[in-house]
Amino acid sequence: MAHYLLVHGAWGGAWYWRDTLSQLTRAGHRAHAVTLTGCGERAHLLTPAIDLETHIADVLGALDAEEMQGCILVVHSYAGMLGTAVADRRPGQIAHLVYVDAVLPAPGESWSSGQPAETRAARIASAERDPQYAFAAPDPTAAFGLTGPAADWVRRRQTPHPGHTYTQPLDFDPKRVAAVPRTFISCTAPRLPTIDVARARMADPAFWGGAWNGGGGVRVVEMATGHDPMVSEPEAFNRLLLDVAA
């Protein structure tokens with residue numbers, strides 16, 4: 001039996017993993033989904049004080065509360081920042097780190113690093129207009145390629161995302177993170193432009209000072225679907241997660 005800890009991206013919540021949780025459980029594994037502070041059903045806790053360290057603490061707290069050792073940590077989108085931090089701080093607890101169309105930071109970068117200037121400016125401006133310093137969710141059809149009932153389901157549940165998580169830098173040791181076996185699931189139809197930096201980095205042998213391609217090893221898998229494969233292609237996505245535990 002494998003232990004999966006699932007961490008949603010921006011504007012999400014544990015709800016994002018509804019189909020994934022049920023399929024992993026039916027396959028005989030243990031799975032738990034985190035809702036980050038100020039998001040999803042915890043949106044009532046949203047305050048301007050929430051930052052990247054708050055969300056890192058959420059994931060570390062879930063590891064402890066669920067008593068997970070040898071965990072398969074699955075991080076989506078923005079949560080690539082969190083997965084990188086957790087692998088740096090608790091490498092002994094993580095058996096495999098799965099980046100799902102996720103941010104791949106370099107040491108000292110923030111989530112916003114490398115994003116187009118207009119995207120960065122728009123998100124910061126949106127947060128500054130909000131009394132809780134949070135920025136609004138994009139339309140899931142335009143941004144993530146979702147359509148029909150799937151787009152409506154995501155649209156109804158999205159909540160504004162804490163703004164200080166966007167610009168706070170993360171320091172970490174790339175060699176320590178790279179010692180953890182990794183999989184990157186790259187979603188290509190349509191591609192989310194803000195993840196293109198991560199896609200380029202995966203192909204760069206010098207990324208993380210050459211550590212990305214070493215250590216515990218890395219596998220890159222492409223899915224011909226949009227940014228939310230757990231919603232748009234849940235069965236194919238779940239097969240990839242099960243392959244990690246095989």
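Figure 1. Gln23 is a residue of helix α1, where helices (H or I, at least four residues) and strands (E, at least two) are DSSP runs numbered from the N terminus. With a relative accessibility of 16%, Gln23 counts as buried; buried means under 20% relative accessible area, exposed over 50%, and partly exposed in between (1.4 Å probe, protein chains only). Leaving aside residues up to four places away in sequence, Gln23 touches Pro234, Glu235 and Asn238, contact being defined as heavy atoms within 4.5 Å. The model is predicted, and local features need pLDDT of at least 70, side-chain atom pairs count only at pLDDT 80 or more, and totals for chains, interfaces and linings use all residues. Residues are numbered from 1 along each chain as its sequence is written, and side-chain values use heavy atoms, with hydrogens and water left out.

Figure 2. Six strands form an open sheet in the order β2-β1-β3-β4-β7-β8, with parallel pairing; two strands pair if DSSP finds at least two bridges between them. At the edges stand β2 (30-34) and β8 (218-223), each of which pairs on one side only. On average, neighbouring strands of this sheet are turned by 15° against each other, direction ignored. Axes are lines fitted to C-alpha atoms, for helices over the stretch in contact, and angles run from 0 to 180 degrees between N-to-C directions. Helix α1 (residues 18-26) packs on the sheet through contacts with β1 (3-7) and β2, and its direction makes about 165° with that of β2. Helix α2 also packs on the sheet, where it touches β1, β2, β3 and β4; the direction of α2 makes about 160° with that of β1.

**Figure 3. Pairing of strands β3 and β4.** The parallel strands β3 (residues 71-76) and β4 (residues 94-100) are joined by six bridges. Cys71 has Ile94 as its bridge partner in β4.

**Figure 4. Crossing of helices α2 and α3.** The axes of α2 and helix α3 (residues 80-89) come within 9 Å and cross at roughly 60°. This angle makes α2 oblique to α3, given that angles under 35 degrees count as roughly parallel, over 145 as roughly antiparallel, 65 to 115 as roughly perpendicular and the rest as oblique. On the α2 side, the contact is made by Leu52, Glu53, His55, Ile56, Val59, Leu60 and Leu63, and on the α3 side by Met81, Leu82, Ala85, Val86 and Arg89.

**Figure 5. Trp208 and the largest nonpolar core.** A nonpolar core is a set of buried Ala, Val, Leu, Ile, Met, Phe, Trp, Tyr and Cys residues joined through side-chain atoms within 4.5 Å. The largest has 79 residues, of which Leu5, Val7, Leu73, Val74, Leu82, Tyr99 and Trp208 touch the most other members. Helix α2 (residues 52-65) gives the most to this core, contributing six residues. Not counting residues up to four places away in sequence, the contacts of Trp208 include Thr84, Tyr99, Pro105, Phe172 and Val177.

**Figure 6. Ala137 in a connecting loop.** Ala137 belongs to the loop between β5 (134-135) and α5 (140-144). A relative accessible area of 30% makes Ala137 partly exposed. Beyond residues up to four places away in sequence, Ala137 touches Trp11 and Gln158.
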